[in-house]
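Student: Could you walk me through this structure? I'm new to it, so let's take it a bit at a time.

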Amino acid sequence: MAENLTNHYYTQNPDVLHEEHHWPFTLLGNELLFTTDNGVFSKNRVDYGSRALLAAFNADKTPAGPWLDLGTGYGPIGLALAKKWPERQVTMVDVNELALDLARQNAVANQIENVEIKTSDIYEHVTERYAAILTNPPVRAGKQVVTAMLTGAKEHLLPGGTLTVVLQKKQGAPSAEKNMKATFGNCEIIKKDKGYYILESTLN
């Protein structure tokens, strides 16, 4: 029997039986309250890859300007960044409308106002340039989608801006590193953590 792709978290309108969950989680030293639902990635707790990405990210290295959370889901990465650095504007985009609705709810619940949460299929509706782009890409969406997220970042970074990505080694971190090196001329593994690689390229 064919798998029902409309239920995947990287589709625009997941066809799900709603079952909301409400739970607290501490990220970057702040306790955040999250509402999640069926049809979103990692609905019961913030996944290890996102936590490793946040822990490795060096905000001081980025130039002045806004940040982009690409593929935000229900918002843990973007909201954690915005809460920790209220002076920064954080744009949060995803293709999944259900996830974006939850991200908006979660921004309100945590009294986070320095965010813009909007629909975008990868960079389709991303018009600005950013001091940093962070992503925990949806590997199940396929290599083509992940590659587009990585290589397309160059057009959306400010000079000196960084692209920081988390991927498991077994889910394509080595090939992502090659793509980032080919696109930016540089890529550093800034951390390895339980099979996860945190990769970073800088727009020189």
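Student: Let's start with A107: buried or exposed?

Tutor: A107 has a relative accessibility of 6%. It's a predicted model we're looking at, where local features need pLDDT of at least 70, side-chain atom pairs count only at pLDDT 80 or more, and totals for chains, interfaces and linings use all residues. Buried means under 20% relative accessible area, exposed means over 50%, and partly exposed is in between, with a 1.4 Å probe and protein chains only. At 6%, then, A107 counts as buried.

Student: Which residues does A107 touch, if I skip its neighbours within four places in sequence?

Tutor: Residues are numbered from 1 along each chain as its sequence is written, and side-chain values use heavy atoms, leaving out hydrogens and water. A107 is part of helix α3, residues 97-109; helices (H or I, at least four residues) and strands (E, at least two) are DSSP runs, numbered from the N terminus. A contact means heavy atoms within 4.5 Å. With those close neighbours set aside, A107 touches L79, I112, V115 and I117.

Student: And how far apart are the C-alpha atoms of A107 and K83?

Tutor: Along the chain, A107 and K83 are 24 residues apart.

Student: Zooming out, how much of the protein chain is buried?

Tutor: There are 5 helices and 9 strands in the protein chain. They run in the order β-β-α-β-α-β-α-β-β-α-β-α-β-β. Of the 204 residues in the chain, the buried share is 55%.

Student: What share of contacts join residues at least 24 apart?

Tutor: For this figure, you look at contacts in the protein chain between residues at least 6 apart in sequence. The share of those that join residues at least 24 apart is 65%.

Student: How are α1 and α2 arranged relative to each other?

Tutor: Helix α1 is residues 48-56, helix α2 is residues 76-84, and their axes sit 10 Å apart at an angle of about 30°. Axes are lines fitted to C-alpha atoms, for helices over the stretch in contact, and angles run from 0 to 180 degrees between N-to-C directions. Angles under 35 degrees count as roughly parallel, over 145 as roughly antiparallel, 65 to 115 as roughly perpendicular, and the rest as oblique. That's why α1 and α2 are called roughly parallel.

Student: Which residues of α2 does α1 meet?

Tutor: On the α1 side, the residues are S50, L53 and L54. On the α2 side, they are P76, I77, A80 and L81.

Student: How many of the residues in that contact are nonpolar?

Tutor: Ala, Val, Leu, Ile, Met, Phe, Trp, Tyr, Cys and Pro count as nonpolar, Asp, Glu, Lys and Arg as charged, and the others, Gly among them, as polar. In the contact of α1 with α2, no residue is charged and 1 is polar. The number of nonpolar residues is 6.

Student: How many residues of α2 are buried?

Tutor: The buried ones are P76, I77, G78, L79, A80, L81 and A82. That leaves α2 mostly covered, and out of its 9 residues the buried count is 7.

Student: Last one: where does Q111 lie?

Tutor: Q111 is exposed, with 71% relative accessibility. Its phi is near 55°, a positive value in a residue other than glycine. Most residues other than glycine have a negative phi. As for its place, Q111 sits in the loop between α3 and β5 (115-119).
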